[in-house]
Protein chains: 2
Amino acid sequence: MKKHNFSAGPCILPQEVFEKAAQAVLDFNGMGLSILEISHRDKAFVAVMEEARALALELLGLTGKGYQALFLQGGASMEFLRVPYNLMKVDGKAAYLDTGTWASGAIKEAKPFGETVVVASSKPDNYTYIPKEYSIPADADYFHCTSNNTIFGTQMKSFPETNVPMVCDMSSDIFSRTLDFSKFDLIYAGAQKNMGPAGTTLIVVKEEILGKTGRAIPNIMNYQQHIEKESMYNTPAVFAIYTSLLTLQWLKNLGGIAAIEKLNEAKAKLLYDEIDRNPLFKGTTVKEDRSNMNATFLLADENHTALFDSMWKAAGISGISGHRSVGGYRASMYNALPIESVQVLVDVMKELENKI
Amino acid sequence: MKKHNFSAGPCILPQEVFEKAAQAVLDFNGMGLSILEISHRDKAFVAVMEEARALALELLGLTGKGYQALFLQGGASMEFLRVPYNLMKVDGKAAYLDTGTWASGAIKEAKPFGETVVVASSKPDNYTYIPKEYSIPADADYFHCTSNNTIFGTQMKSFPETNVPMVCDMSSDIFSRTLDFSKFDLIYAGAQKNMGPAGTTLIVVKEEILGKTGRAIPNIMNYQQHIEKESMYNTPAVFAIYTSLLTLQWLKNLGGIAAIEKLNEAKAKLLYDEIDRNPLFKGTTVKEDRSNMNATFLLADENHTALFDSMWKAAGISGISGHRSVGGYRASMYNALPIESVQVLVDVMKELENKI
């Protein structure tokens, strides 16, 4: 039986993507070869890479606007390091917004590169909200933020107006909602939420911001090097990129980001309405900053834990245990999660109320 | 029809690996979930990671000898940078042997870290041999070499005796031949030759050599950080690691490295004997340094190119066009390539001789 998969990432992808990816592992494009055994220089894979790069820009509305898309290895945590390497000037300054574990990780990697200003942090409140009152130094080389905080269940609903280049880690909500993506100069995202399996990272960068640091950049860390080599500076993660392309194609066929956003809003409303209505549960974040991707909540009375856990497991639900930093539950509702799965969870929550 | 796949990498893997990997994309371990949608923290994947790390050490004969195995992202090109970060002392010195394109790439990434001594280079002869007469500075922090040169078709048949920590890029021949691997202090290898699909890199490191540089190391670049987190400092490349485990299990069932070495020697002998016997062909490297993994050869008369190309394509052979740096042909005979495929190529070479 297929599970209702609320995993925070790696996470559910469309069933048709699983089926096409499995077929490609056996025989890719009728070539008589597995996708795992073809050269990345084979024209069939070069076409995959080109389409994936172009489609990522198209879905974000950034085609023809001076942006390049790359699919690199290392996860968002590698971009924590690539960003200051490529953007922080020698004796420069960077501004960071601290909204959670990943934002904090990005700050740590940037510090050795220059003055790293944390413009605001919600850490003293265990990251239960997104700080909104802060100013970004006008002389910063860039401003870095995290659009969605997977662990804490918060999401930036608006972004600051600034003349400083804006860098955003969108790992856990890219392709899930409409934004004016042209406000950002650099966006990066680990694939393993809304885009594909673990093993590749999408980087979308406005070319004009690069090459200005006066810093020697190692080849493997240099975005300009990767752009020049069309994302094949070294052997790319072939299968992860192909599967990401399948997922982006699925999204395009569905109507793109605007279409999925409506579905994501309906899923989030369904679950948050129940969390707020049902006296047995309570959310962990301030309401206005609630993430549409990751809903974090607690049982009002922890004595109900064993019963609730047995009930959702019996209903075929998987992956809703909360992160150890927050406890309780976390239901991740990425693009590919059907609303029917959310309904099953809500039904279990109601059933618990009826039993107690 | 299944091709005879001589691709230089990504390359052929065992057919049973393709079948098991495809099945796992549909349903992993009967969990009702794809391997692509499970959390890397799920106990089923934690078990995969643990077994892959342990089995890599076991096959190399390094269990219980103070080594740790990691599966990271970035490819060998990322290790070109991680190695000096982790091993070159502040104001330190490193020694490199330059035997080809990848060795040269490793040298470039190391240079900004300190004095980088190239102890010998075969570049003036287009890397057609492995330099053997050189001395390694006794005060070097480490000595770096490349065991097999995929592009040029050469392979180190012996390694220097030195008291300096020895680092080896074994991307294209790891798990293919018996060596005393305990002579090496750090071995790294991109998976996409003998170990798995593109997207993960095996690093085998003797723990005692780490933590001695006096250098601040970014978290994502720090081997000690990755060891402490059991290769899950950040989300690992789940599918690439699982498929690598399947390949390592296949190798173990076959009898391990000693068993595959005999098959690899038989395949290489079959092809090189024909290259040497057949007056239409000539090898590109000195004989004593010929790689058992990548055989590079030319047509003695380029006028036969069109005919030969049409013949091997008709025979179902794929991936033997030479790298642009060498020209001609390159037949890569990694672990999973059956000797029958080599026989098909040899038969085509003989057939060409008969036709002319």
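Trainee: Where does P10(B) lie in chain B?

Mentor: Look at the loop between β1 (4–5) and α1 (15–26) of chain B, and you'll find P10(B) there. Keep in mind that this is a predicted model.

Trainee: Which kind of peptide bond joins G9(B) and P10(B)?

Mentor: For that you read the omega angle. Here omega is about -5 degrees, and the bond joining G9(B) and P10(B) is cis. Now hop over to chain A: G9(A) and P10(A) are joined by a cis peptide bond too, with omega about -5 degrees.

Trainee: What does UniProt say about K193(A)?

Mentor: An unreviewed UniProt entry annotates K193(A) as "modified residue: N6-(pyridoxal phosphate)lysine". You'll spot K193(A) in the loop between β9 (186–190) and β10 (201–206) of chain A.

Trainee: Is K193(A) buried or exposed?

Mentor: Check the relative accessibility against the cut-off: buried means under 20%. K193(A) has 11%, so it counts as buried. Its contacts include G9(A), T150(A) and Y334(A). There's also a polar atom of the K193(A) side chain 2.9 Å from the backbone oxygen of A8(A).

Trainee: How do I read the crossing of α7 and α9 in chain B?

Mentor: Compare the directions of the two axes; angles under 35 degrees count as roughly parallel. The axes of α7 (residues 256–277) and α9 (residues 339–355) of chain B come within 9 Å and cross at roughly 10 degrees. That's why α7(B) is called roughly parallel to α9(B). Among the residues making the contact are L270(B) of α7(B) and V346(B) of α9(B). The contact residues divide into nine nonpolar, one polar and five charged.

Terms used:
Residues are numbered from 1 along each chain as its sequence is written. Chains are lettered from A and ligands numbered from 1 in the order in which they are written. This is a predicted model: local features need pLDDT of at least 70, side-chain atom pairs count only at pLDDT 80 or more; totals for chains, interfaces and linings use all residues. Side-chain values use heavy atoms; hydrogens and water are left out. UniProt positions are given in the numbering used here, feature names are shortened, and annotations may be inferred rather than shown by experiment. Helices (H or I, at least four residues) and strands (E, at least two) are DSSP runs, numbered from the N terminus. Buried means under 20% relative accessible area, exposed over 50%, partly exposed in between (1.4 Å probe, protein chains only). Contact means heavy atoms within 4.5 Å. A polar contact is a pair of N or O atoms within 3.5 Å; within protein, one must be able to donate a hydrogen and the other to accept it, and residues adjacent in sequence count only if both atoms are side-chain atoms. Axes are lines fitted to C-alpha atoms, for helices over the stretch in contact, and angles run from 0 to 180 degrees between N-to-C directions. Angles under 35 degrees count as roughly parallel, over 145 as roughly antiparallel, 65 to 115 as roughly perpendicular and the rest as oblique. Ala, Val, Leu, Ile, Met, Phe, Trp, Tyr, Cys and Pro count as nonpolar, Asp, Glu, Lys and Arg as charged, and the others, Gly among them, as polar. Lists of a residue's contacts leave out its neighbours within four places in sequence.
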